[in-house]
Amino acid sequence: MAAASLLALITPAHADTTAADLRTAAEQAVRTQYGTAGSRVVIVPTRLNPRLHFATCPHALQTRLPMRQGIPSRVAVAVSCAGAPGWSIQVPVQMQVFRNVLVTSHPMARGDIPGPGDVHSEERDVARLGYGYIESLDQILGHSLGRPLIAGVVLEPGDFAGRETVHSGEDVELVAQVDGIEVRTHGMALDGGDTGARLRVRNDNSGRIISGVVIGEGQVRALP
């Protein structure tokens with residue numbers, strides 16, 4: 001805060017609102033904002049000038065946190081007193097927010113689809129996970145890795161190439177239109193992909209490799 005602002009706000013030492021009051025209000029605001037179900041908020045002590053004394057506030061102190069996405073490791077909380085004499089100050093708060101996130105149990109290759117045996121839950125400081133994190137396998141159901149991962153790393157949304165409704169090497173139902181008649185046969189997918197993705201299928205009957213588009217789980221429509 002600028003020196004001029006401090007001079008305008010600071011009152012003689014007998015006033016009631018102290019640095020400890022400001023810090024308590026700011027830390028409580030942080031705990032309320034980020035202490036959602038499943039989170040453990042740890043405040044990292046930051047020192048305010050103990051000589052700061054503000055005019056007595058006849059009302060409960062008001063707090064406001066900046067609007068931002070994600071969970072920061074440091075935030076400036078606006079603590080203010082409404083009415084007369086009104087005043088406001090920015091109080092810095094450093095924090096850690098711990099949540100249970102998914103961590104790889106062993107090295108994984110590109111194209112692997114994580115399952116219960118591949119990951120486990122660990123408590124990590126998500127304020128330091130700037131690229132996001134995964135809390136449940138339901139969030140990545142059917143999604144394959146877009147890059148290899150070593151053991152002990154937090155799964156991030158950016159690690160995944162996308163969901164695969166059809167997997168490479170899987171037996172699929174091949175659907176084709178012949179003279180207005182729908183014909184169904186079986187083949188083996190040579191590629192993987194989600195609904196709408198183009199891939200190749202080897203026809204079990206003819207052995208031909210056919211281009212198709214995924215229309216559902218285990219189903220591919222042959223392209224003309």
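This is a predicted model: local features need pLDDT of at least 70, side-chain atom pairs count only at pLDDT 80 or more; totals for chains, interfaces and linings use all residues.

User: Where does asparagine 49 lie?
Analyst: Asparagine 49 is in the loop between strand 2 and strand 3 (53-54). Helices (H or I, at least four residues) and strands (E, at least two) are DSSP runs, numbered from the N terminus. Residues are numbered from 1 along each chain as its sequence is written, and side-chain values use heavy atoms, with hydrogens and water left out.

User: And why does asparagine 49 count as partly exposed?
Analyst: Because its relative accessibility is 36%; buried means under 20% relative accessible area, exposed over 50%, and partly exposed in between (1.4 Å probe, protein chains only).

User: How far is asparagine 49 from threonine 18 in space?
Analyst: They sit 9.4 Å apart, C-alpha to C-alpha, with a sequence separation of 31 residues.

User: Switching to serine 39: which side chain does it make a polar contact with?
Analyst: Arginine 99, at 2.4 Å between the side chains. A polar contact is a pair of N or O atoms within 3.5 Å; within protein, one must be able to donate a hydrogen and the other to accept it, and residues adjacent in sequence count only if both atoms are side-chain atoms. Serine 39 itself is in the loop between helix 2 (19-34) and strand 2 (40-44).

User: What else does serine 39 contact, leaving aside neighbours within four places in sequence?
Analyst: Besides Arg99, there are Tyr34, Val97 and Phe98, where contact means heavy atoms within 4.5 Å.

User: What does strand 12 pair with, and over how many bridges?
Analyst: Strand 12 (residues 198-203) pairs with strand 11 over three bridges, antiparallel. Strand 13 (residues 209-216) is also antiparallel to strand 12, joined by five bridges. Pairing here takes at least two DSSP bridges between the strands. Methionine 188 stands opposite arginine 202, and leucine 199 has glycine 212 as its bridge partner in strand 13.

User: What about the turn between strand 12 and strand 13?
Analyst: They form a hairpin with five residues between them, and glycine 207 in the turn has a positive phi of about 80°.
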